[in-house]
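This report covers selected local features of one protein chain. The sequence and the structure are shown first.

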Amino acid sequence: MADGTAGRMTRPVLSVGGAGEPSREAGPGGRARRRFVVQGLVQGVGFRPFVHAAATELALTGWVRNDTGGVVAEVEGTPGAVEDFARRLRCDVPPLAMVERVVTTELPPCGGSGFAIVRSRPAAGGRTAAAPDVATCPDCLRELADPADRRYRHPFITCTNCGPRFTIITDLPYDRPATTMARFAMCPVCEREYSDPADRRFHAQPIACPACGPRLEFVSPLGAPRTGEDALAAARRLLADGGVLAVKGVGGYHLACVATDPTAVTTLRRRKRRGGKPFAVMVHDLAAARALAHVDEREAALLTDPARPIVLVRRRRDGRPALADSVAPDNPDLGLLLPYTPVHHLLLGLPGEPVPLHRTVGTAGWPPLVMTSGNLGGEPIAAEDTDALRRLAPLVDGWLRHDRPIRVPCDDSVVRVVDGAPSPVRRSRGYAPLPVPLPFEVPPTLAVGADLKNTCGLGAGRSAWLSGHIGDMDDLATLRAFDAAERHLEHLTGVTPRQLVTDAHPGYRSRQWAVRHAAGRPIRTVQHHHAHVAALMAEHGLDGTRPVVGFAFDGTGYGPDRAVWGGEVLIADYRGFRRFAHLGYVPLAGGDAAVRRPCRMALAHLHAAGVRWDPTLPPVVACPQPERRVLTHQLASGLGCVPTSSMGRLFDAVSSLLGIRHEVDFEAQAAIELEARARTAAGGGADDRERHAFALRGQGLGRPLIIDPAPVIRAMVRDLSAGLAVDIAAVRFHIAVVAMIVDLARRARGEVGLDLVGLTGGVFQNAVLTTAASRALHAGGFTVLRHARVPPNDGGIALGQLLVAAAREKTREKG
């Protein structure tokens, strides 16, 4: 994800000979034979057909096969041809392949004729990487729209270069019997294509056609099921009439409706219990995306990448067609994605098709579609047909589904561009389960992640494999999804963990899962913010010999002092950390109630800053008097209060203090809207006349500095009293946070000599903050680390847990 190409590996290719470097001397008859074991992402990406074509072109004899460790090939021919073949294995691989390592062994020539792809077989040792799901390629799209092609309008068109992978794999090596396509017998024509080295579908495991592939079916509460083109036509009529449609994709079901239809979008929002959380919108092509939003070249590259993530882009005020206001209420961004399956392309319409009549007014061309996860708010995505019929029945008016099973659910990935670089928000379809290279070896370990935005991870050797997005671990359905994802990951990687690692929070359901499934294996715990910093270090290949200054700003994390942490400045390596500074504690009164109602956090911060609750202040107005009375008692007595240093809660408090958001429907809503207001004020540097500043208080005796927000809170109250525009006040707050970050980085450099600074935690999904902080730190001579492979939020926690647990085990072994 760091380079905008579906998270391609950046580790250099290694060449390892059987007994030193391969000999270039010819054997008897002037021939040479060599075995190559190619490791990395080399299955499901057309690697064997590539090997076959290269060997044939070079007049080499031999064979190639998949095994559980990668691709194995033996070639024989002239020494020059064998050497050229070796070069191609490293330099000319298929576009979706990622070669991590090539092990070569010289063999005695044995003759033979021709070159063959032979039957796959298991092998001892580690497993190869499983490929992620890939968007439909341009060649298949041309065939899909060509009336003369036998796969014209075939909803499951695919080839070696595209289509489902991770979500249909049942085992490795990757062959058709090890996928959910095993139930579909190939017709004679598909069989010939599959066996023809000159064909684009040579050994394409999901190959199918209208005669032998999966079937599309439309189901509704009224009427008999429909199949094929009738199913597609019925689904499009339902959408045009303002209905909500469940659409089965490669990783699960989406809920879809016409994004320009206010009634349909409002209906979907109400049924899904979505609150105000934005919906993703699928548009026909890049031109349609640019008609709705400002899309720069980096964002365009992400939108058209084979991974096809949802990309957060800045919406146009005059975007056409006009989307329903309820698509993304009070949000300056849109989450856009392009079609990535043939069914999506058929729903949105192929070139030259007539535009369907729909009841929205003022739209031209194909209407964009809301495409949101097929679930009720908080539940995992529905992927199995019977489950989807049951769980989605209250949400939809019909189902467009197919009979190709989904082996493991995988939700859409989400990415945004921050200061010119991609920043993942959710790493899932299109990226999972691509391995993340590790800076040192780790023992076989399962990291169970956090409770919000959960992903789990397996580590072994120099690789970590992270699951797709599982979600919030707050109900039985999500726990079942976690079970399935963990088992599938363990099966595909061949890693049997010998230890488990969890967050230190004793109440996390992920930790409770680990306790139930430990089976005698040790369970390690890692502090939440230490895991954030460790994940960032791992992404950048740091081996831990030198600490970093890690700013870990988020909403919540369990501290060793039993407080709720979240505004942390840590001097950290993998083995441990020192709390260099933290946001001053304020009472979190009522726990989750304070998270759901930012006005309560605003009142807590006003109380801590010694500011009277003036009845004209927005959070005072928003909080009913009976609730204020209870809150006053709690803050005075400490009853029902937990101390928190959360930066996320401070952003919530400021959002409420400025009258932006007093109650939230989804996580970080108040902070997102605060960022949006800051962004509108002339690019985040709108007002230099007065700068607000946090106070820093030293505690002495090696104890951490306290970042006191009280001066900023008091200054913002004065701004409000003076009638300052909310947008300018929002900018001033962001400027104050950036100045505090730079000040603390300089103090850390002066004290411990570190100029390597990491920005991690969910607060750094804020593009205004991250951009301004990065630039100010760079200007101050610091090297800045930001996330590019895993999200800065809790979706990256599992990676950090793996590295911390491994580093501590090494320390124990040495001790």
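This is a predicted model: local features need pLDDT of at least 70, side-chain atom pairs count only at pLDDT 80 or more; totals for chains, interfaces and linings use all residues.

## Helix α21 and its partners

Two packed helices are described by the angle between their axes and the distance between the axes. The axes of α18 (residues 647-657) and α21 (residues 726-752) come within 12 Å, with a crossing angle of roughly 155°. An angle over 145° counts as roughly antiparallel, and α18 and α21 are therefore roughly antiparallel to each other. Their crossing is right-handed. On the α18 side the contact consists of Met647, Leu650, Phe651 and Val654, which meet Phe733, His734, Val737 and Met740 of α21. By class, this contact has 7 nonpolar residues, 1 polar residue and no charged residues.

Helix α20 (residues 710-721) also packs on α21: the two axes come within 11 Å and cross at roughly 165°. That angle makes α20 roughly antiparallel to α21. The crossing of α20 and α21 is right-handed. Here Val712, Met716 and Asp719 of α20 meet Ala729, Arg732, Phe733 and Ala736 of α21. The residues divide into 5 nonpolar, no polar and 2 charged. Phe733 of α21 takes part in the contact with α18 and in the contact with α20.

## Helices α13 and α23

The axes of α13 (residues 528-539) and α23 (residues 797-814) come within 7 Å and cross at roughly 90°. Angles of 65 to 115° count as roughly perpendicular, so α13 and α23 are roughly perpendicular to each other.

From α13, the residues in contact are His528, His530, Ala531, His532, Ala534, Ala535, Ala538 and Glu539. From α23, they are Ile797, Leu799, Gly800, Gln801, Leu803, Val804 and Arg808. By class, the contact of α13 with α23 has 8 nonpolar, 5 polar and 2 charged residues.

Asp412 sits in the loop between β16 (398-402) and β17 (414-418). Its relative accessibility is 4%, so Asp412 counts as buried. The side chain of Asp412 makes polar contacts with the side chain of Tyr340 at 2.8 Å and with the side chain of Arg429 at 2.9 Å. Leaving aside residues up to four places away in sequence, Asp412 touches His254, Ile310, Leu337, Tyr340, Arg426, Ser428 and Arg429.

Arg390 belongs to helix α10 (residues 385-391). With a relative accessible area of 56%, Arg390 is exposed. Its side chain makes a polar contact of 2.7 Å with the side chain of Asp387. Arg390 and Glu751 are 361 residues apart in sequence, and their C-alpha atoms are 60 Å apart in space.

## Backbone features

Most residues other than glycine have a negative phi, and most peptide bonds are trans. The peptide bond from Arg320 to Pro321 is cis, with omega near 0°, and Pro321 is in the loop between β13 (310-315) and β14 (333-337). Ala432 and Pro433 are likewise joined by a cis peptide bond, with omega about 5°; Pro433 lies in the loop between β18 (421-426) and β19 (436-447).

Asp330, in the loop between β13 and β14, has a positive phi of about 55° although it is not a glycine. Asp330 is exposed, with a relative accessible area of 57%. Lys453, in the loop between β19 and β20 (457-466), has a positive phi of about 50° and is not a glycine either. At 21% relative accessibility, Lys453 counts as partly exposed.

Methods
Residues are numbered from 1 along each chain as its sequence is written. Side-chain values use heavy atoms; hydrogens and water are left out. Axes are lines fitted to C-alpha atoms, for helices over the stretch in contact, and angles run from 0 to 180 degrees between N-to-C directions. Helices (H or I, at least four residues) and strands (E, at least two) are DSSP runs, numbered from the N terminus. Angles under 35 degrees count as roughly parallel, over 145 as roughly antiparallel, 65 to 115 as roughly perpendicular and the rest as oblique. A crossing is left-handed if the near helix is turned anticlockwise from the far one by less than a right angle, and right-handed if clockwise. Contact means heavy atoms within 4.5 Å. Ala, Val, Leu, Ile, Met, Phe, Trp, Tyr, Cys and Pro count as nonpolar, Asp, Glu, Lys and Arg as charged, and the others, Gly among them, as polar. Buried means under 20% relative accessible area, exposed over 50%, partly exposed in between (1.4 Å probe, protein chains only). A polar contact is a pair of N or O atoms within 3.5 Å; within protein, one must be able to donate a hydrogen and the other to accept it, and residues adjacent in sequence count only if both atoms are side-chain atoms.
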